[in-house]
Amino acid sequence: MKYRQGHLGRVLVVKIEHGDDLLNELRQLAVKEKLSAAVLFLIGALKKASLVAGPQEDVIPPSPVWHSFDDAHEIVGIGTLFTDQNQQPVIHLHAAAGRADDCRAGCIRGDTETYLVVEVIILEILGSGAMRKLDAITGMDMLGF
């Protein structure tokens with residue numbers, strides 16, 4: 001285990017509107033507000049999204065199981081935002097997405113489309129030195145210091 005201590009900075013209350021690309025809007029906001037580390041809390045609905053719902057097998061590097069939808073699903077999620085070596089924001093967002101009796105959980109990736117609204121609370125983290133670094137074994141941007 002590795003960890004660093006930080007402290008809370010700004011709190012941003014965000015409304016992602018109908019038709020907006022959730023992940024793209026959050027990345028643009030991070031650049032505009034110069035966010036380099038944050039935790040994200042989300043509630044709302046998406047009309048379109050793809051998520052990784054686990055690995056095909058429990059091996060490293062993982063081969064992802066993809067699930068996509070293109071009809072409105074309620075979501076609740078939590079994520080992190082850390083910049084990479086190029087100072088670009090990388091969002092790691094896990095959410096549960098459900099419609100009627102179908103509910104999936106996983107890592108939201110790719111293009112997303114908001115249905116009605118997604119409300120996001122962003123808590124900025126200052127002074128931790130946390131960032132995303134490419135991990136040679138997994139091929140993924142992983143948390144580092």
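Start by selecting strand 4 and strand 5: they pair antiparallel over ten bridges. Strands here are DSSP E runs of at least two residues and helices are H or I runs of at least four, numbered from the N terminus; two strands pair if DSSP finds at least two bridges between them. This is a predicted model, where local features need pLDDT of at least 70, side-chain atom pairs count only at pLDDT 80 or more, and totals for chains, interfaces and linings use all residues. Residues are numbered from 1 along each chain as its sequence is written, and side-chain values use heavy atoms, with hydrogens and water left out.

Click Gly79 next, and you'll find its bridge partner, Leu93, in strand 5. Then go to the hairpin of these two strands: five residues lie between them, and Gln87 takes a positive phi near 65 degrees.

Ala97 has Arg104 as its bridge partner in strand 6. In this hairpin two residues sit between the strands, and Ala100 has a positive phi near 55 degrees.

Last stop, the largest nonpolar core: 26 residues, with Leu22, Leu26, Leu42, Val118, Val120 and Ile122 making the most contacts inside it. Such a core is a set of buried Ala, Val, Leu, Ile, Met, Phe, Trp, Tyr and Cys residues joined through side-chain atoms within 4.5 Å; buried means under 20% relative accessible area (1.4 Å probe, protein chains only). Colour strand 2 (37–55), as the largest share of this core, six residues, comes from there.

Methods:
Buried < 20%, exposed > 50% of the residue type's maximum accessible area, 1.4 Å probe, protein only.
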